[in-house]
Amino acid sequence: MRSYPIERVRNIGIMAHIDAGKTTTTERILFYTGITYKMGEVDEGTAVMDWMVQEQERGITITSAATTCTWNSHRINIIDTPGHVDFTAEVERCMRVLDGAVIILCGVGGVEPQSETVWRQADRYRVPRIVYINKMDRIGAEPERAIEEMRTRLGTRPLPVQMPLGREETFRGVVDLVRMKEIDWGADLLGTSFEVRDVAGETREEALTKRNEMIEKLSETDDILLERYLSGAELTVEELQASIRRGTTALDFVPVLFGASFRNKGIHPLLDAIVDHLPSPADVPPVVGHHPRTLDVETRRPADDEPLSGLVFKITNDPYVGTLAYFRVYSGKTKLGQTLYNSTKDEDERLTRILEMHANKRREAQELHAGDIAALGSLKNVSTGDTLCLKSRPLVLESIKFPEPVISATIEPQTKADHVRLANALAKMAKEDPTFKIAQDPNTGQTLVRGMGELHLEIIMDRMEREYGVQTTFGKPQVAYKETIRAQAEAEGKYIRQAGGRGQYGHCRVRVEPLPRGTGFEFVDRTREAILPKEFVSSVENGVMEAMDVGILAGFPMADIRVTLLDGTFHEVDSSPLAFKIAGSLAFKEAAVKASPALLEPVMKLEVIAPDDYLGDVVGDINARRGRIEGMEMRAGARVVKAFAPLAEMFGYATILRTLTQGRGVFSMEFFRYEQAPPAVAEEIIARIEGRIPAY
């Protein structure tokens, strides 16, 4: 028996740019909903949601943490996500399974680079969201500018449903424009006592103006409300709430609220808004997937009487429970002891443990229903993005796409005895984190680890020592270059071996051509069944993909290439999939050499905020790093410089920026795209790989 009807369930994520106040806001939510008896603080390392040792030491969120609380007879499943761009995969996988999101903006910083990244992720998965403008008590808070930046930089339609009472040190509360009530915390620091009263005096006039603006915006997208509004009828609170909820769920606009989480002001109305404005699992469209064998499109309504379907969106290794698979149920229900079908891997899994998570604590559960999020323990072979369903009604849901790593480093155990433990620990971490990859250096045979940035690899090395007890040595971080081609070319690949008995025969002709940046790899078969059987075509494709893993210039993976299989011949007896795999590999390598190969380097999107006095030094330094300035603007008394710069030139930039600005400059950086490296730079990198010039 489910404890809450599905209409009273909210699955939400709390997301923002680094330091906007996500974890602080979540800690307040847990306190006011009675989950914790004492508020945790990020700055003091006592936040419940930042439970990892590294999170408490650094004051940042590294892994997404899930928890459950109740408010006004509603069950709210909350996922607190990292803000740092190195851990963007955590946000990506959570967005995939959420019904709604709270995006937190800083009242001073407004829309920051990672805010834009999070917004794009929410757009990709069509997640309804509300915006909470935090830090209204900070000097320089400008909520109007933040709202304007939502329009210009995020391309959305903000709908303020509150009006702030004061700002900076005079910020004391908000006016609820739907109910026309003042919520005033005054000087109470704990936030538990506040006064709710009718809006009066000068505030009432301004609030009525803002309320009419809100109703007009609602009327633009809601015909029911427009008819009532034009007839001059008095709109009720219930009608306005229903209209805001419809528009938010349809992504017509984004409700905007205000608060100061650190001062405990604005959390109660935020909880009300989560319940009132964000959709339940029953309000979102049915989930769409396909049948694993027939590939027919299948849909599942979010209801208990539908066949079971759900997605594994995160894998963690728990020291007490073992591997935990975080699971979102989209339809149907399941209970302990049931056998689930992993349609992605075509395997059965027996459900032996269901855990309701609260950060790193857990509570045993007996069953799961549509709309629930929980962790499943002791599953044999599940990965992030796998679909679990009933074998009698199979379905494969769309998986989760993750960005490619842009940085790599060598890793070695400090003692020979640790080799096996290191390999096991790396395998567990790679299963846990889809943006963390393990490879072997083709030239030296050393183990390479690849990640999203210096901090990402630093945290992994730290975890290796603390969680797995493996002492490691990390090499200097290196850029994850790629290779591509700039022209079209054709080549033949032949693999013929005859040594008595059955031989090997594989022959194919391929054409290679460049694709736009970021496209990846495309394989096109132009042969007919009579020319080459299908199993040999797929072998050629496998051979090409294997050859692309080690490029022809310096051994870097190749990307943004279309390979077309034009022709081929086979022998009735001697041909085999292996022979065609080798032939495909040989043909691709020969064609790639003719097709004007080039080196690609990752380029980062950079935003530097520094006082005006240091602008010349900052811009000069960016130019010296082969950066290109895209624009500048003023923000809260400082200058914001937006630029693109190659990752290879940005190592150690934090220290340089502090030196240039006497510690007053800050920056944020995220991956933008791969671009062709200048010839001189490419030549130097290739020479270093080949050992013609020494490494740094």
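A cavity is a set of points on a 1 Å grid over the protein atoms alone where a 1.4 Å probe fits but cannot get out, and its lining residues have an atom within 4 Å of a point. Grid points are joined across faces, edges and corners, and a volume is the space filled by probe spheres set on the points. Rolling a probe the size of a water molecule over the atoms shows where empty space is left.

This structure is a predicted model, in which local features need pLDDT of at least 70 and side-chain atom pairs count only at pLDDT 80 or more, while totals for chains, interfaces and linings use all residues. Residues are numbered from 1 along each chain as its sequence is written, and side-chain values use heavy atoms, with hydrogens and water left out.

By the cavity rule there is 1 cavity of 30 Å³ or more. The largest cavity holds about 80 Å³ of space. Its lining is made of Ala 66, Thr 67, Thr 68, Asn 77, Ile 78, Ile 79, Tyr 326, Met 357, Ile 373, Ala 374 and Ala 375. Two or more of the lining residues come from each of β2 (65–71), β3 (74–80) and β22 (373–377). Strands (E, at least two residues) and helices (H or I, at least four) are DSSP runs, numbered from the N terminus. By residue class, the lining of the largest cavity has 8 nonpolar, 3 polar and no charged residues. Here Ala, Val, Leu, Ile, Met, Phe, Trp, Tyr, Cys and Pro count as nonpolar, Asp, Glu, Lys and Arg as charged, and the others, Gly among them, as polar.

Two strands pair if DSSP finds at least two bridges between them.

Strand β8 (residues 173–176) can be followed to both of its partners. On one side, β7 and β8 pair in the antiparallel sense over 4 bridges, with Pro 164 opposite Val 174. On the other, 4 bridges join β8 to strand β9 (residues 181–184), again antiparallel. In that pairing Gly 173 stands opposite Asp 184, and Val 175 stands opposite Glu 182. The hairpin of β8 and β9 has 4 residues between the strands, and Met 180 in this hairpin takes a positive phi near 55 degrees.

In a regular strand the side chains alternate between the two faces of the sheet. In β8, Gly 173 and Val 175 point one way and Val 174 and Asp 176 the other, and all are buried. Buried means under 20% relative accessible area, exposed over 50%, and partly exposed in between (1.4 Å probe, protein chains only).

Most residues other than glycine have a negative phi, and most peptide bonds are trans. Arg 126, in the loop between α4 (113–124) and β5 (129–134), has a positive phi near 50 degrees. Asn 264, in the loop between β11 (254–258) and α9 (267–277), has a positive phi near 65 degrees. Arg 126 counts as exposed at 56% relative accessibility, whereas Asn 264 is buried at 4%.

Strand β32 (residues 504–514) has 8 of its 11 residues buried, so it is largely enclosed by the rest of the structure. Strand β31 (residues 489–497) is joined to β32 by 9 bridges in an antiparallel pairing, where Gly 493 faces Cys 508. β32 also pairs with strand β34 (residues 561–569), antiparallel over 8 bridges, and Pro 514 stands opposite Ile 561 there.

Tyr 481 sits in the loop between β29 (478–479) and β30 (482–485). At 10% relative accessibility, Tyr 481 counts as buried. Not counting residues up to four places away in sequence, Tyr 481 touches Phe 556, Pro 557, Leu 599, Leu 600, Glu 601, Ala 648, Tyr 674 and Ile 685, contact meaning heavy atoms within 4.5 Å. Glu 601 is 120 residues from Tyr 481 along the chain, yet their C-alpha atoms are separated by 5.0 Å.

Notes. On a 1 Å grid over the protein atoms alone, a cavity is a set of points where a 1.4 Å probe fits but cannot get out, and a pocket is an open set with protein on both sides within 12 Å along at least five of seven lines; lining residues have an atom within 4 Å of a point.
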